[in-house]
Amino acid sequence: MGGSLLAVATYNVNSIKSRVGLVVEWLKRTPVDVLCLQETKIEDRDFPYGPFEALGYRCEVFGQRAYNGVALCARVPLTDVWKGFGDPTWDEQKRIIGATVEGIHVINVYAPHGDDRGTEKFRYKLEFYRHLVEFLRQRWTPRDPVCLVGDLNVARSDLDVWDPAALRDTIGTMPEERQALETLLEWGFVDAFRHLYPDRRQFTWWDYIGGRIWKDEGMRIDYVLVTPPLLPRLRDVRVDLWPRRRRTPTPSDHAPVIATLDKGSH
């Protein structure tokens with residue numbers, strides 16, 4: 001990409017150890033400027049820095065063994081890097097990392113998957129969203145150039161699921177979860193893909209079971225959210241199906257989402 005454009009991708013890799021070869025192959029095909037990874041499932045010291053560095057990427061990671069984990073890999077300068085909420089209670093699960101890139105505050109989030117209504121995991125998911133909004137309020141305003149990306153584990157509307165009737169009130173579509181996502185947007189974000197494509201049905205996640213990817217029976221749960229100052233710089237948001245359609249090695253169940261913005265001046 002490069003030049004006057006900045007390409008920012010979000011990609012839940014479902015274990016970077018298992019997927020590093022695929023991710024590197026994809027980056028060679030699609031050399032984005034900033035890659036935001038979720039569900040890396042690896043401790044910081046074990047992250048495969050070398051293959052990324054060989055392609056010119058510097059990686060900042062905030063991981064844990066077997067679960068969660070986020071990382072920022074960039075071939076443009078990262079400044080003001082921060083990891084976690086700064087709260088031991090919330091940072092027991094490694095779910096958020098951020099930095100400034102080309103004057104943009106990039107925030108990479110892996111929201112909890114949750115569980116059935118009334119469970120502890122369901123409550124934790126909603127509380128995570130509340131905590132995230134409060135964290136944003138304390139650090140930025142919607143007048144700042146903020147780009148929040150990641151696996152948010154909520155399908156925003158029925159347009160974002162392959163079968164609204166079959167999936168109604170299941171994990172990721174429950175009204176409480178959708179309201180939590182809307183509250184995040186109401187802080188001052190715009191859903192970049194939906195802004196550009198109001199009526200397009202486009203998924204980012206497909207279950208492994210039943211060959212869902214080949215039937216396009218999925219959900220849109222990976223997002224690029226931007227504050228109003230970035231809207232004039234937004235050029236495109238697209239889902240790259242190439243990594244998800246690999247048969248070997250086994251791909252992640254998510255596909256990367258790539259936002260392209262004008263670099264602008266800062």
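Modeller: Welcome! One term to start with: a helix here is a DSSP run of H or I with at least four residues, and helices are numbered from the N terminus. Please keep in mind that this is a predicted model.

Colleague: What makes helix 3 stand out in the lining of the largest pocket?

Modeller: Helix 3 covers residues 120-139 and gives 4 residues to that lining, the largest share. The pocket holds about 780 Å³ of space. It is lined by 35 residues, and those closest to its centre are Y110, H113, G114, N153 and I171.

Colleague: What is the lining of the largest pocket like by class?

Modeller: It has 13 nonpolar, 11 polar and 11 charged residues.

Colleague: Why is strand 12 described as largely enclosed?

Modeller: Buried means under 20% relative accessible area. In strand 12 (residues 257-262), 5 of the 6 residues are buried, so the strand is largely enclosed by the rest of the structure.

Colleague: How do you know that strand 12 pairs with strand 1 and strand 11?

Modeller: Pairing needs at least two bridges. Strand 1 (residues 5-12) has 6 bridges to strand 12, and strand 11 (residues 234-239) has 5, so both count as paired with strand 12. Each pairing is antiparallel. L261 in strand 12 stands opposite L6 and is also the bridge partner of L234.

How values were computed. Residues are numbered from 1 along each chain as its sequence is written. This is a predicted model: local features need pLDDT of at least 70, side-chain atom pairs count only at pLDDT 80 or more; totals for chains, interfaces and linings use all residues. Side-chain values use heavy atoms; hydrogens and water are left out. On a 1 Å grid over the protein atoms alone, a cavity is a set of points where a 1.4 Å probe fits but cannot get out, and a pocket is an open set with protein on both sides within 12 Å along at least five of seven lines; lining residues have an atom within 4 Å of a point. Grid points are joined across faces, edges and corners, and a volume is the space filled by probe spheres set on the points. Helices (H or I, at least four residues) and strands (E, at least two) are DSSP runs, numbered from the N terminus. Ala, Val, Leu, Ile, Met, Phe, Trp, Tyr, Cys and Pro count as nonpolar, Asp, Glu, Lys and Arg as charged, and the others, Gly among them, as polar. Buried means under 20% relative accessible area, exposed over 50%, partly exposed in between (1.4 Å probe, protein chains only).
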